Each structure stands twice: as C-alpha cells, then as structure tokens.
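User: I am new to this structure and would like to learn how its features are read. Could you guide me through them in order?

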Amino acid sequence: MTNEYRTDATFAQEMDQTDPLASYREKFSIPKTKEDKDCVYFCGNSLGLKPKAVNAALMQELDDWGNMAVEAHFRGKNPWRDYHEFVTKQMAHIVGAKQIEVVMMNSLSVNLHLMMVSFYRPTKDRYKILIEGNAFPSDRYAVESQIKFHGFDPLKSLVEISPREGERTLRTEDIESLIAEQGNEISLIMIGGVNYYTGQLFAMERITKAGHEKGCLVGFDLAHAAGNAALSLHDWDVDFACWCSYKYLNSGPGSLSGCFVHERHAHDSDLPRFAGWWGHDKETRFQMEPHFKPIPGAEGWQISNPPVLSLAAIKASLDIFEEAGMEMLHNKSVALTGYLEFLLDNLNSDDFTIMTPRAADERGCQISIVLAEGGKNVFEALQAGGVVCDWREPDCIRLAPTPLYNSFTDVYKFVQIFAAQIGQSEQLSEAG
Ligand SMILES: *Cc1c(COP(=O)(O)O)cnc(C)c1O
C-alpha cells in the first residue's frame with residue numbers, strides 16, 4: 001500500500017469514495033468544533049464515539065423498567081436475567097474465542113484482580129509476575145498489590161521488562177529470552193496486548209508459547225487491543241485476558257469489561273476464585289442453595305448481576321462491529337494508519353519522531369509521536385484546530401484513527417493542521 005499513497009488532498013477524497021466502510025461514520029455522533037464542524041476525533045483509544053443506536057437501545061430498557069419493573073427480568077423484550085448472554089457471541093468473535101470462554105462483567109481493573117485470584121498462585125519457588133516496563137499504571141498497581149497480598153516482596157517478585165538502551169519498544173526475542181532465563185520462577189506473565197503508550201502490539205502467541213514452555217500462566221490486558229487488533233485468544237492458547245469496552249469497542253464511559261478464560265480451565269472448579277451468585281449454576285441459582293457450583297467457563301467468574309444499561313450500549317455497539325466485519329475493519333485500519341504514517345514521514349521534520357513500530361503486524365491503529373521541545377504547545381494548537389487526540393507527559397501525542405468512524409480526509413486534515421504547527425505546511429500543499 002505504502003507506495004500507492006499520495007500527498008495531495010484529492011487522494012484522501014478518492015480513498016473515502018471507494019471505502020466500503022465509509023457509511024459507518026454516519027452511525028456515530030461526532031463531536032463538533034466551535035464552528036460546528038466535525039472534530040477530527042483521534043481519541044478512540046481513550047473513549048470511543050457513541051453509536052447513535054445506543055439511545056434507542058437504552059430507551060428500550062428504560063421503558064421495560066418503567067412498564068414492567070421486576071417482571072422485565074423474565075418478560076422484558078430482552079429479558080434482563082439473560083442479558084449478558086446476548087453479547088457473548090459477538091464479543092467472542094472479536095477476540096477470537098469460543099463462547100464458553102467469554103463473559104462481560106465488572107470493569108477492567110476489577111477483572112484483572114479476579115483473574116489473578118485464580119491464576120496468580122505464588123509458591124516459594126515460583127512467585128514472580130512479569131509485566132512490560134511501561135505498563136498502564138492500574139495494571140502495575142493491581143499486580144503489585146496482588147504480590148503483597150500473598151505476602152511476597154514486589155522488589156523481588158515484580159519483573160518489568162524494558163526496551164534496550166536507546167529503543168522505545170520491546171523486542172519479542174528479548175521477552176522470550178527473559179522468560180527462558182527466569183521462567184522457572186515466574187508464576188504469571190501479564191502484558192498489555194497493545195501497549196497504551198507506544199502503541200506496540202505484542203506477539204501474544206509467541207509470548208504465550210514461551211511462557212507455557214516454562215510452566216508459567218499467561219494473561220493479557222487487551223484494553224487497547226480489543227476491537228483494534230486481530231486476536232485469536234483461543235488458538236494462541238492464552239490462559240486469560242481482560243479488556244474494557246469503552247475504548248475501541250465504543251460502549252460508553254465506564255462500560256463493562258470483557259473477560260476471557262481459556263476453555264481448558266472451564267471445568268476446573270478447584271481453581272480458587274472469588275465467588276458470587278451470578279457465577280452459580282443457572283439451573284439452581286434461584287433455589288438459593290448455600291453451596292457454590294460454578295457455571296462452566298468464563299461465566300462462572302461472575303459475581304454480581306450485571307448493569308443492563310451498560311450491556312444495552314455494548315449490544316448496540318457490537319451489532320455495528322458484526323455488520324462491518326472484523327476483517328474489513330482490519331484492512332481499513334492498516335490502510336488508514338499507514339496513510340497517517342506516510343503523511344507524517346513526508347513532512348520530513350526533525351521536530352518529531354514516531355515511536356510506534358513501523359510494521360503493520362506490530363501495531364494497531366494507534367501512532368504515538370514524540371515531540372521535540374515545546375511539544376505541549378503543538379498539542380494545544382491541535383486542540384484549538386479541532387483535533388481531539390491526547391497528550392502524555394512529557395512529550396508524547398497519541399493518535400488513533402479508527403476504521404469505523406474515521407476517514408482518510410480526517411487523517412489529511414490532521415496532518416495539515418499539525419504541519420502548520422511545526423512549520424512544514426508546504427510539504428502538503430501540492431494538490432491540496
Ligand atoms: C484503559 C486501561 C485501564 C482502565 O482500567 P479501568 O478499570 O477500566 O478503569 C486499565 N489498563 C489498561 C492497560 C488500560 O489501557
């Protein structure tokens with residue numbers, strides 16, 4: 001694709017005209033600028049845009065609540081008792097899982113803890129957790145507190161792998177060799193599928209294999225991967241994974257988290273877990289017996305009955321994913337992010353560098369750029385120009401053109417505004 005990109009504005013228009021997914025933008029509410037124009041929204045890695053269909057989906061449940069109250073658990077249009085099951089198939093498809101392996105419940109950091117209750121069981125000889133060096137803070141806090149909870153010392157038990165001197169991202173072979181060296185002492189490997197900061201997509205299959213060879217359990221935080229990268233959690237043999245639904249999955253602020261537990265753990269009722277009634281065998285749940293009998297599979301990790309309004313938003317959003325198709329989304333994503341990279345490279349500027357890996361199979365749609373001095377001013381000018389992206393101290397701007405609602409014209413507009421800020425605007429003016 002790269003050698004087919006062009007720098008003129010007509011190119012973006014041509015791409016949008018022939019984009020089979022172009023009409024999906026219409027299904028989302030796009031925030032407006034002060035001048036009432038569409039913002040260039042590149043922040044789907046933080047909060048995905050609202051599908052317009054969410055309003056009706058929520059209204060349906062509010063009406064059922066109003067008209068039927070408690071009866072809606074059984075007689076509602078979408079009976080609430082079973083509501084979490086209505087999203088399982090679509091969610092499983094997005095992460096490459098079997099239905100028995102997936103459930104939507106709680107929020108992400110909570111699910112990380114619940115998974116560690118089952119899959120981090122340190123012993124005197126095997127007590128370490130391996131995470132990536134610049135992990136999302138919540139993940140690091142969670143891991144450190146789990147280590148302490150078991151009476152171990154984070155200084156000895158928490159292993160953080162960092163990039164080589166002078167590099168920004170990790171090399172898979174370095175992760176593999178660390179696992180080969182220390183694997184006998186590692187209880188759990190828990191890495192972000194896509195690092196939130198650098199945008200690096202990790203080789204999850206290879207990491208899982210390396211971990212299993214050494215007897216470690218392997219889980220991933222897919223906050224930035226679910227709905228973004230191509231995933232095959234079942235085939236990769238991952239033990240567990242968790243992700244939020246409000247980033248690329250567009251399901252609304254604080255919406256429920258997804259959780260994957262590999263089928264091979266589905267019937268293991270001896271695994272330690274924190275139990276609650278919603279994880280109890282469905283046939284006998286309402287007999288209110290004292291003895292806990294887990295539902296086989298991921299559903300057996302549920303604790304509480306889930307918030308239906310959140311599930312309704314998730315359902316409305318996943319319907320769009322299903323209709324668009326993950327393969328089509330992936331193809332557009334590669335083309336769109338490649339186009340952003342191409343235009344940025346074409347600015348030929350020393351004022352910034354791209355820290356995200358260059359290979360399409362080592363990233364999702366996010367490109368993180370590092371700015372030279374005065375970067376914060378550039379970021380503020382972008383905001384003033386109608387771009388929504390985010391700033392990470394001390395010098396990073398994260399950009400996430402998503403294939404569902406972003407266009408090639410969005411990318412072009414962004415680079416135009418950005419180029420003007422770093423004094424390279426002439427690079428883009430050829431035919432634009
Ligand atoms: C967004 C994100 C979180 C957020 O956690 P919540 O529990 O949903 O607040 C956690 N971990 C990672 C890696 C994230 O990107």
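**Domains and their interface**

Analyst: Let us begin with the division into domains. The domain assignment of the protein gives domain 1, made up of 9-51 + 325-431, and domain 2, which covers 78-322. The model is a predicted one.

User: How far apart do the C-alpha centres of domain 1 and domain 2 lie?

Analyst: The distance between these two C-alpha centres is 29 Å.

User: How many residues of each domain are in contact with the other, and how is the buried area of the two domains described?

Analyst: An interface may be read first by its contacts and then by its area. Here, 35 residues of domain 1 are in contact with 26 residues of domain 2. Between them the two domains bury about 2,400 Å², with 59% of this on carbon and sulfur atoms.

User: How many salt bridges and polar contacts does the rule find across the interface of domain 1 and domain 2?

Analyst: For salt bridges across this interface, the rule finds zero. For polar contact, the rule finds 12 residue pairs there, both partners being at pLDDT 80 or more. On the side of domain 1 that touches domain 2, at least two residues each are supplied by α12 (326-346), β12 (367-371) and β15 (396-399). The element that gives the most to this side is α12, with three residues. Sorted by class, this side of domain 1 has 16 nonpolar, 11 polar and eight charged residues.

**The ligand**

User: Which residues are around the ligand?

Analyst: They are Leu108, Ser109, Phe136, Asp139, Asp221, Ala223, His224, Tyr246 and Lys247. A polar side-chain atom of Asp139 is 2.7 Å from a nitrogen atom of the ligand. The side chain of Asp221 has an N or O atom 3.1 Å from a nitrogen atom of the ligand. In the side chain of Lys247, an N or O atom lies 2.5 Å from an oxygen atom of the ligand.

User: How many salt bridges does the structure hold, and where in the chain are Glu176 and Arg206?

Analyst: The structure holds 32 salt bridges. One example is formed by the side chains of Glu176 and Arg206, at 2.8 Å from N to O. This pair links distant parts of the chain, 30 residues apart: Glu176 is in helix α8 (residues 172-182), and Arg206 is in helix α9 (residues 204-213).

Definitions and conventions. Residues are numbered from 1 along each chain as its sequence is written. This is a predicted model: local features need pLDDT of at least 70, side-chain atom pairs count only at pLDDT 80 or more; totals for chains, interfaces and linings use all residues. Side-chain values use heavy atoms; hydrogens and water are left out. Domain bounds come from an automatic or database domain assignment. Contact means heavy atoms within 4.5 Å. Buried area is the accessible area (1.4 Å probe) that two parts lose on being put together, summed over both. A salt bridge is a side-chain nitrogen of Lys or Arg within 4 Å of a carboxyl oxygen of Asp or Glu. A polar contact is a pair of N or O atoms within 3.5 Å; within protein, one must be able to donate a hydrogen and the other to accept it, and residues adjacent in sequence count only if both atoms are side-chain atoms. Helices (H or I, at least four residues) and strands (E, at least two) are DSSP runs, numbered from the N terminus. Ala, Val, Leu, Ile, Met, Phe, Trp, Tyr, Cys and Pro count as nonpolar, Asp, Glu, Lys and Arg as charged, and the others, Gly among them, as polar. A residue is near a molecule or strand if one of its heavy atoms lies within 4 Å of it.
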